[in-house]
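Please read it with the structure open.

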Amino acid sequence: MTLRGQNVIIETRRGANSLKSLFAGIVLGALSLDAAQAADVSATPVKAPRVETYFDWTGPYIGAHMGYGWGHSSATLFNPLPSTLSHSYNGINGGVHVGYNVVLPSRVLLGVEADITFPNYINSNAVVSSPRAAESGLTEKMDYVGSARARIGYAGQSWMVYATGGFAWQGTRFASDLSGGLEEKNIQLRTGWAAGAGFEYVVDPHWTARLEYLYYDFWSADVRLPSGARYASTLDFQTLRFGLNRKIDWPGSTEPRLAATKAALSSDIWEVHGQTTYLSQGYPGFHAPYSGTNSLTPGRQSQATWSNSLYLNARLWEGGEVYFNPELLQGFGLSNTVGFAGFTSGEAQKSNFPYPRFNPSRLYLRQTFGFGGKQEELPSGPGQLAGKADVSRLTLQAGKFAVPDVFDGNAYAKDPRKDFMNWSIWAPGAFDYSADKVGLTYGVTAELNQRYWALRAGYFLMVSESNSGNFDMKVFQRGNYILELETRYSLFSQPGKFRTIAWLNSAYSGSYRDTLNDPVLNLDISQTRRGRIKYGYVFNVEQAITDDIGVFGRWSWNDGKTEIMVFTDIDASLAFGASIKGTSWGRPDDIVGIGGAFNALSKDHRDFVAAGGLGVLIGDGQINYRQEKILEVYYALALNKQITLTADYQSITNPAYNADRGPVSVFSGRLRGEF
């Protein structure tokens, strides 16, 4: 009997079974072909055998997820009479998960998974319920939700469907406000169950993507506070989320396999990068005869921050790219991120989170138009897809990102997760660029790049008021306008760059002098807010001395007449330093950094602070004005290519420009991992 047009499908196995199966397939194909030729020499030749393999789902994996969650709570507050509130809540969320799968010969998949999910950094998204009674009110917030579940499903060639269910828990925070400004807090772990279903698909030999729905039902809460108030509530929660999983391969194991006939998404059109940074800071007590609202606490203290980031980058079309950067952020800056103008940690943003909070930090489109001619290789990185590009090109970018992502680059002092930590050393202190409380904004930029220079321009939404997380939507009437010229040169055969930045803010802001001139305002600068202009400039230089030594410097200035909108209380700043690789002592991946900064205030600004006014980070109630002086030294020890441990020391003289307080010595440790 002739076998025509039939494909012999062989499932590969590990070790010798793979070879036996492949050999059997080849033999069967050859026998079929011989039979066909013997029976009918005029017959159409048989197609070559097609060998299909299955992705190896068996084994451990880790992953991250984000999605949209919604829920409902019915709550009653007794204080003393009952007050009942039925409340629905919703918002985006994100988290991490880990699990293990086993695939049976029947292709039935069995697995276990544990996950934890955190609400968005916007405070209102975490509020479950907020009833009020006659004598007080109480707010219930969700800090996190987690589960440990079993999974059962069917594993196809490059896909899998499953159902899941198991134990669930939720971290809940109860805060009651009493008369006189007092507050009571109670933290509990609420338990329940979770169930759902999902679909997972292979996108790369090591990566899978999933779409998953989960429903959580939690047991009722019953909280009694010291004041005598009682609170009871019910709670359910649902989420629809997208996830990305990385298969873990133990040393010596075979790599995950994917059917040759069903190729995954090409890896040259997308990339995944990630990082985690834990940064701890502390200082011993220091001299402080008085303190104000925004003073650094004089007693010794320590605080820590922790950031976790994914960078998902993809090509959409020729020259078109999309970048997405979801993050989990947690922690506090020293004294709740006040007390220094040049603050000591670039990881300490102005929204303090006792538990991780999810933030879809960056999401933007980039379009590049090449003009032909010589090309250069663009390295792979969190904010750059690898590939070649014309040196002469125009790049447009629009979406949500940080101003320093595009402007004020510097090879030696740029990233507080890698190099210098102090705000006025890794960034120009007097550059009041647009950002919310976690450092992001919305804007558009254009960059014209040539061999020896680049010209960049950008427009960004401005916050609606000083130190706010909300943006003023009067587009172009309000905003942050930036222009940068970067020139590239060679000095003694070593590369260097010089950047000049001019910027202008049109913002709803107050005036230091107008506030001082009207005693009725009682130093409330918000009473003088109206549409005002603030402007400034930055000079930024970096210069390689040898292949292992580089130096840098920044001078930044603003007019100092209107309140700082975003960054920090600096009107003029000079920063400089050096970066040294450890090649000479046999540690080429280690880096030593030495830097310093001098920060100053304008006359209007210092008079306002001396009278007792508050800035975004400073305000001791009075001031014995001197320039703030900062020295920072760090050693970054590369444990391997992915993990770095950094020891850092900072000495701050005249913290917040006050010679009556300090000096302060801050000791830091930073552990960073990246891929």
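Helices (H or I, at least four residues) and strands (E, at least two) are DSSP runs, numbered from the N terminus. This is a predicted model, in which local features need pLDDT of at least 70 and side-chain atom pairs count only at pLDDT 80 or more, while totals for chains, interfaces and linings use all residues. Residues are numbered from 1 along each chain as its sequence is written, and side-chain values use heavy atoms, with hydrogens and water left out.

**Backbone geometry**

- Glycine 662 and proline 663 are joined by a cis peptide bond with an omega of about 5 degrees, and proline 663 is placed in the loop between strand S26 (643-653) and strand S27 (664-674).
- Asparagine 467, in the loop between strand S18 (453-460) and S19, has a phi near 60 degrees, which is a positive value in a residue other than glycine.

**Second largest pocket**

- On a 1 Å grid over the protein atoms alone, a pocket is an open set of points with protein on both sides within 12 Å along at least five of seven lines, a cavity is a set of points where a 1.4 Å probe fits but cannot get out, and lining residues have an atom within 4 Å of a point.
- Grid points are joined across faces, edges and corners, and a volume is the space filled by probe spheres set on the points; for the second largest pocket the volume is about 830 Å³.
- Its lining has 35 residues, of which Gly63, Ala64, Val96, Leu310 and Phe675 lie nearest the centre of the pocket.
- This lining divides into 20 nonpolar, 12 polar and three charged residues, where Ala, Val, Leu, Ile, Met, Phe, Trp, Tyr, Cys and Pro count as nonpolar, Asp, Glu, Lys and Arg as charged, and the others, Gly among them, as polar.
- Because domain 1 (59-247) and domain 2 (270-674) both give residues to the lining, the second largest pocket lies between them; the domain bounds come from an automatic or database domain assignment.

**Cavities**

- The count comes to three cavities of 30 Å³ or more.
- The largest cavity holds about 70 Å³ of space, and its lining, which includes Trp57, Glu200, His206 and Arg246, divides into four nonpolar, four polar and three charged residues.
- Strand S8 (207-224) and strand S9 (230-247) each supply at least two residues of the lining of the largest cavity, with S9 giving the most, three residues.
- The second largest cavity has a volume of about 60 Å³, and strand S2 (residues 82-103) gives the largest share of its lining, five residues.
- In the lining of the second largest cavity there are five nonpolar, six polar and no charged residues.

**Surface patch and salt bridges**

- Tyr489, Leu491, Phe492, Phe498, Phe539, Trp555, Leu574, Phe576 and Phe598 form a nonpolar patch on the surface, together having about 840 Å² of accessible area.
- Strand S19 (479-491) and strand S23 (572-582) are the elements that give two or more residues to the nonpolar patch.
- Patches are made of residues with over 30% relative accessible area and no salt bridge, like charges being joined within 9 Å and nonpolar side chains (Val, Leu, Ile, Met, Phe, Trp, Tyr) within 5 Å; accessible areas come from the Shrake-Rupley method with a 1.4 Å probe, and for residues only the protein chains shown count as cover.
- The whole structure has 38 salt bridges, each a side-chain nitrogen of Lys or Arg within 4 Å of a carboxyl oxygen of Asp or Glu.
- Glutamate 113 forms a salt bridge with arginine 210, their closest N and O atoms being 2.8 Å apart.
- Since glutamate 113 lies in strand S3 (residues 108-119) and arginine 210 in strand S8, the pair ties together parts that are 97 residues apart in sequence.
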